[in-house]
Amino acid sequence: MPPPSSTPGYWDDRYRSEPVPTEPGIFVTDELLPLLGEPGRAVDLAGGAGRHAIWLAQRGWEVTLVDSSRVALDLASRRASAAGVDLGVVLADLTSDALPPGPWDLILITHYLQRDLFAKAARLLVPGGLLAFSIATVRNLDRHERPPRRAVLAEHEAPTLAGDLEIVFYEEGWSRAGRHEARVIARAPATGGGTERGRSRASADAR
Ligand SMILES: C[S@@+](CC[C@H](N)C(=O)[O-])C[C@H]1O[C@@H](n2cnc3c(N)ncnc32)[C@H](O)[C@@H]1O
């Protein structure tokens with residue numbers, strides 16, 4: 001039996017031994033893209049080898065990639081250099097280290113489940129900023145062994161993780177890639193402080 005994914009070194013070993021996904025997911029290219037405003041500051045949490053971080057950087061976003069795998073971050077840095085884009089990388093364990101403070105116009109989490117992360121992340125959004133996540137649900141186990149049960153959402157759990165944010169997109173079902181996922185995009189309230197950019201985008205959205 002393979003070691004659990006919480007084992008230290010598990011992800012480094014996987015990034016060394018298995019093909020690394022480099023194409024962005026349809027959630028990001030088809031569902032998130034139309035909701036994005038002008039490029040701003042984005043953080044991709046547990047973003048692995050940077051398939052989404054690099055895709056965003058190529059579209060003008062200033063992106064920080066956070067992951068606990070040094071191997072993944074090195075791969076991402078090399079791929080970003082080859083693509084001619086800047087990418088900030090932060091080696092951090094999201095279960096114990098502080099999140100990069102932001103504020104962020106976009107926070108992305110794909111295929112990583114840590115239930116206390118969503119509320120922490122939401123507090124770091126600019127007014128009107130987006131939290132977008134796509135995570136397998138328990139139904140995925142009907143067809144696939146991975147991710148394991150502790151790393152999947154209950155059915156219809158996803159929207160509850162968005163807390164007080166306004167859900168602007170929610171879908172749950174089998175993806176074209178044959179995975180059962182929940183996909184949520186939620187927006188921070190357009191009130192309060194935040195950056196000028198965040199405020200101006202929020203007022204544009206309200207029109
Ligand atoms: C299934 S991969 C998803 C990677 C990326 N989000 C994507 O969609 O391609 C899960 C990622 O979570 C990272 N990870 C696992 N536990 C973590 C932790 N405690 N803190 C930060 N990253 C973690 C792993 O290194 C791995 O890159």
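## Confidence of the model

Averaged over the chain, the pLDDT (the predictor's confidence in each residue, from 0 to 100) is 91, and 89% of the residues score at least 70. Over residues 193-207 the pLDDT falls below 50, yet beyond near neighbours in sequence this stretch has 25 contacts in the model, a contact being a pair of residues whose C-beta atoms, placed from the backbone, lie within 7 Å. Where pLDDT is low, the predicted coordinates should not be read in detail.

This is a predicted model, in which local features need pLDDT of at least 70 and side-chain atom pairs count only at pLDDT 80 or more, while totals for chains, interfaces and linings use all residues. Residues are numbered from 1 along each chain as its sequence is written.

## Surroundings of the ligand

Around the ligand there are 16 residues, of which W11, A46, G48, S68 and L94 come nearest; a residue is counted as near if its C-beta atom, placed from the backbone, lies within 6 Å of the molecule. This shell is made up of six nonpolar, seven polar and three charged residues, where Ala, Val, Leu, Ile, Met, Phe, Trp, Tyr, Cys and Pro count as nonpolar, Asp, Glu, Lys and Arg as charged, and the others, Gly among them, as polar.

## Helix α4

Helices (H or I, at least four residues) and strands (E, at least two) are DSSP runs, numbered from the N terminus. Helix α4, residues 70-83, has 14 residues and spans 20 Å from its first C-alpha to its last, close to the expected 20 Å, which is 1.5 Å times one less than its number of residues.

Within α4, A72, L73, A76 and A80 are buried, meaning that 20 or more other C-beta atoms lie within 10 Å of their own, whereas 12 or fewer make a residue exposed and values in between partly exposed, with C-beta atoms placed from the backbone. These residues lie on the same side of α4 because they cover an arc of only 95° around the axis, taken from the directions from the helix axis to the C-beta atoms. Their cover includes α1 (10-17), α3 (51-58), β2 (62-67) and β3 (88-91), while R78, S81 and A82 are exposed on the other side. After α4 comes G84, with a positive phi near 75°.

## Two partly exposed residues

A122, in helix α5 (residues 117-122), is partly exposed because 18 other C-beta atoms lie within 10 Å. Leaving aside neighbours within four places in sequence, A122 contacts L131, G163, L165 and A188.

P147 lies in the loop between β5 (125-136) and β6 (166-174), and its 17 C-beta neighbours inside 10 Å make P147 partly exposed.
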